[in-house]
Amino acid sequence: MTFQLFVQLLAAGVLLGGVYALISIGLTLIFGVMRIVNFAHGEFLMVGMYLSYYLVTAAHMNPYLALIVVAPGLYLFGLLVEMTVIKPTVGQSDVVQVFATVGLSIVLQAAALMAFSANVMGLNLPITNALLHLGWLTIGVPQVLAFVAAMLVAAALFAFLGRTDVGRAIRATAQDRSAAALMGIDVPAIYRLTFALGTAMTGLAGALLMPIYSVSPDVGTQFVLVAFVVVVLGGMGSVSGALVGGLLIGIVETFSGFVIDPQWKAAIYFIIFLIVLVVRPAGLFGIRGSEETAS
Amino acid sequence: MLEVRGLAAGYGENAVLFDVSFDVPEGSLTVIVGANAAGKTTTCRAISGEIETRGGTIRFGGEQIEREPSNRRVERGLVQIPEGRRLFPFMTVEENLLLGSYAHRARAARQEALDEVFTLLPRVAERRRQLAGSLSGGEQSMVAIGRGLMARPRLLVMDEPTLGLAPIFVERTFEIVAEIRKHGVTVLLVEQNVKRALSLCDRAYVLEHGQVVMQGAGEQLLGDEGLRRAYLGM
C-alpha cells in the first residue's frame, strides 16, 4: 500500500467515522442517562433520512439547509416517542424495555414501507457528486460536510453537558438519579429532554447521510449495528467514548473494505465487538461498574 | 415548619413505618434517633419524596406536600443530605456544589452560597477541582454538607451524616451542624450517635419499629433511665 493510498483511505475512514460517531452519541446518551437500550435507534436515523429526502425533493430545499428543519422535527418526534412508548417502561424490567423498543422499530419500518414503498431512494444533486481535490488527495464534498457538521454538533453537545446547569443535571441523572432528584432536578423532564436530544442528533446524522447514501425503510438496520459496536467500544454511556469509537470504526471499516472486502464489514464489526468484550468489557472510556451507579 | 402526622411507608410488601408523628419547629435542631432498621432513613426518604407515603400527612410551612415530587419540595426549601452522601462521583467537587444550587430558588444567590460554603468548609475549597469520587469518606461528607447548603435550605434534613466517619470527622460534623443552625437554618438530624445528638438538640424523637416511642427535650431524654439502657448501654 502506497503512502498516498494510505492517506486516502485514512481520510475516507475518518470522514465516515464522524457520522458514525454522531449516530452513536445519541444512542449512548440515551443509554447513559435512562438505562434504556433503544433498539429503534436505527429507525430514528431512517426517519431523519426520509424527512431530509422529502425536504430536498418535494420542498426543494438545499440538503444542508434541511438540517435546520430535521433537527427540531426529530426533537419533537423524540419527545412524542418518549411520552407514549418509553416513559411507561422506565423502571420496568429490561424485557419490557426491549419489547417496547423492538416493537417501535418494527412499527416504524412498517409505517415507512407503507408510506414510502420499499424503493431505495437517493439524492442526485450537483452537490452530492461534488469532489474536493487537495493535491493528490480526493474526497467527496458531502463527506466533508457531514464530518464537519457532526463534529460541530458533538462539540456543541460537549459544551452543553459540561458548562450549563441543565447539562450538568443530565450528567448527574446519569450518575445517580435519586441523588439528582434531591438536588431539585426534575428527573422525568431530564429523561424527556435526553431522549429528544438523542433522537434529534440521530436524525441529524440521517440528514447528513442522505446526500451520501440512499434511504429505504430498512436502512436503519445497516447502521444500528455499527452504533452498538461503537457504543460498546467507547464505553456504554460515554459520549467521548462514542466519538472516539465512531472514528475508529470508520477507519477500520474503510481499511478492511479495501484490504479484505466491503462484504465482510459486518463480520469485522463483530470481531471487534468480541475483542472489546473480552479485553476491556467496560470499553475504552467506560469506567467499570459506572453503568451500575444509577440503580 | 415541618409537621409529620401518622406517616406510613414501606418497600414492596414490607411496611417499615406505621405511625410516625413529629414536629420540627422553625429555627430548631430536632433529632431522630433509633436503632438500625427502626425506620429512620425511610422517614427521611418519605420527607424528601424519594419514596411514596402509604398514609399520613407531611406539612411543610403549613402546606401539605406528601404527594409532591422531590424537585418541588426542594424548590420549597426542603433539602436533604442523604444517607451515604450520594455525591456524583465522576464530577468535580465544584460541579457537585453547583448541582446543589440547581433549584431556581438557589440559583440567583449561587456565588454568595459558594463563598459561604468555602468559608465554612475550607477543606472543600481546597478540593474543588478534584473528582468527588476520589476524596476520602470524611471529605466527601463535608462536600455533601456543602452541597446541601448550596440549595439555600429552609429546613436541612441530614440522614446519618456521621455514619462510617473517623472520630475527628464525627466531631467536626457536629460542630458544623451547630454552626449551620446559628446561621438560622432549621435542622432535622437523624443520628445513631445518640449521646452527642441528644446533647446538641432542642427536641428529640426515638423511633422504634416504625413508630415514635419516646419524645422530649434532648437533655430530658439523656437523663431517661430506659433510653440510656436501650441505646447508650449505660
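A salt bridge is a side-chain nitrogen of Lys or Arg within 4 Å of a carboxyl oxygen of Asp or Glu. One such pair joins the two chains here: the side chains of B:Arg110 and A:Asp165 meet at 2.7 Å, N to O. The model is predicted.

## Where the chains meet

Chain A gives 22 residues to the contact, and chain B gives 21 residues. The area buried between chain A and chain B is about 2000 Å². Carbon and sulfur atoms give 63% of that area. Three residues stand out on chain A: A:Gln175, A:Leu182 and A:Met183 supply 35% of the area that chain A buries against chain B, more than any other three residues.

Four salt bridges cross the interface of chain A and chain B. Five residue pairs are in polar contact between chain A and chain B, both residues being at pLDDT 80 or more.

Which elements give two or more residues to the side of chain A that touches chain B? They are α6 (165-175) and α7 (177-182) of chain A. The largest share, seven residues, comes from α6(A). By class, this side of chain A has eleven nonpolar, six polar and five charged residues.

## Salt bridges

Over all chains, the structure holds 21 salt bridges. Three of them are set out here.

| Pair | N to O distance |
|---|---|
| A:Asp176 and B:Arg86 | 2.7 Å |
| B:Arg76 and B:Glu68 | 2.6 Å |
| B:Arg127 and B:Glu139 | 2.8 Å |

Take the salt bridge of A:Asp176 and B:Arg86. This pair crosses between chains. A:Asp176 sits in the loop between α6 and α7 of chain A, and B:Arg86 sits in the loop between β6 (78-81) and α3 (93-100) of chain B. A:Asp176 counts as buried because its relative accessibility is 7%, under the 20% limit. B:Arg86 is partly exposed, at 23%.

Now stay within chain B. B:Arg76 and B:Glu68 are both buried. B:Arg127 and B:Glu139 form another salt bridge. That pair links distant parts of the chain, twelve residues apart. B:Arg127 lies in the loop between α6 (122-126) and α7 (137-150) of chain B, while B:Glu139 lies in helix α7 of chain B. B:Arg127 is partly exposed, with a relative accessible area of 23%. B:Glu139 is buried, at 7% relative accessibility. Elsewhere, salt bridges that share partners join A:Asp165, A:Arg168, B:Arg107 and B:Arg110 into one network.

## Nonpolar cores

In soluble globular proteins, nonpolar side chains tend to be buried together. The largest nonpolar core in this model has 88 residues. A:Ile23, A:Ile185 and A:Ile249 touch the most other members. Beyond its sequence neighbours up to four places away, A:Ile249 touches residues including A:Tyr20, A:Val226, A:Leu233 and A:Ile272. A second, separate core of 47 residues includes B:Leu29, B:Leu120, B:Leu121 and B:Ala144.

## A buried charged residue

Is A:Glu253 buried or exposed? A:Glu253 is buried, with a relative accessible area of 10%. A:Glu253 is found in helix α10 (residues 239-259) of chain A. Its side chain makes a polar contact with the side chain of A:Tyr20, at 2.6 Å. A:Glu253 also touches residues including A:Leu16, A:Lys265 and A:Tyr269.

## Two positive phi angles

Most residues other than glycine have a negative phi. A:Ser117 has a positive phi of about 65 degrees. A:Ser117 lies in the loop between α4 (94-116) and β1 (131-134) of chain A, and is partly exposed at 28% relative accessibility. B:Glu160 has a positive phi of about 45 degrees. B:Glu160 is in the loop between β7 (155-159) and α8 (167-182) of chain B, and is buried at 5% relative accessibility.

Note on methods
Residues are numbered from 1 along each chain as its sequence is written. Chains are lettered from A and ligands numbered from 1 in the order in which they are written. This is a predicted model: local features need pLDDT of at least 70, side-chain atom pairs count only at pLDDT 80 or more; totals for chains, interfaces and linings use all residues. Side-chain values use heavy atoms; hydrogens and water are left out. Contact means heavy atoms within 4.5 Å. Buried area is the accessible area (1.4 Å probe) that two parts lose on being put together, summed over both. A polar contact is a pair of N or O atoms within 3.5 Å; within protein, one must be able to donate a hydrogen and the other to accept it, and residues adjacent in sequence count only if both atoms are side-chain atoms. Helices (H or I, at least four residues) and strands (E, at least two) are DSSP runs, numbered from the N terminus. Ala, Val, Leu, Ile, Met, Phe, Trp, Tyr, Cys and Pro count as nonpolar, Asp, Glu, Lys and Arg as charged, and the others, Gly among them, as polar. A nonpolar core is a set of buried Ala, Val, Leu, Ile, Met, Phe, Trp, Tyr and Cys residues joined through side-chain atoms within 4.5 Å. Buried means under 20% relative accessible area, exposed over 50%, partly exposed in between (1.4 Å probe, protein chains only).
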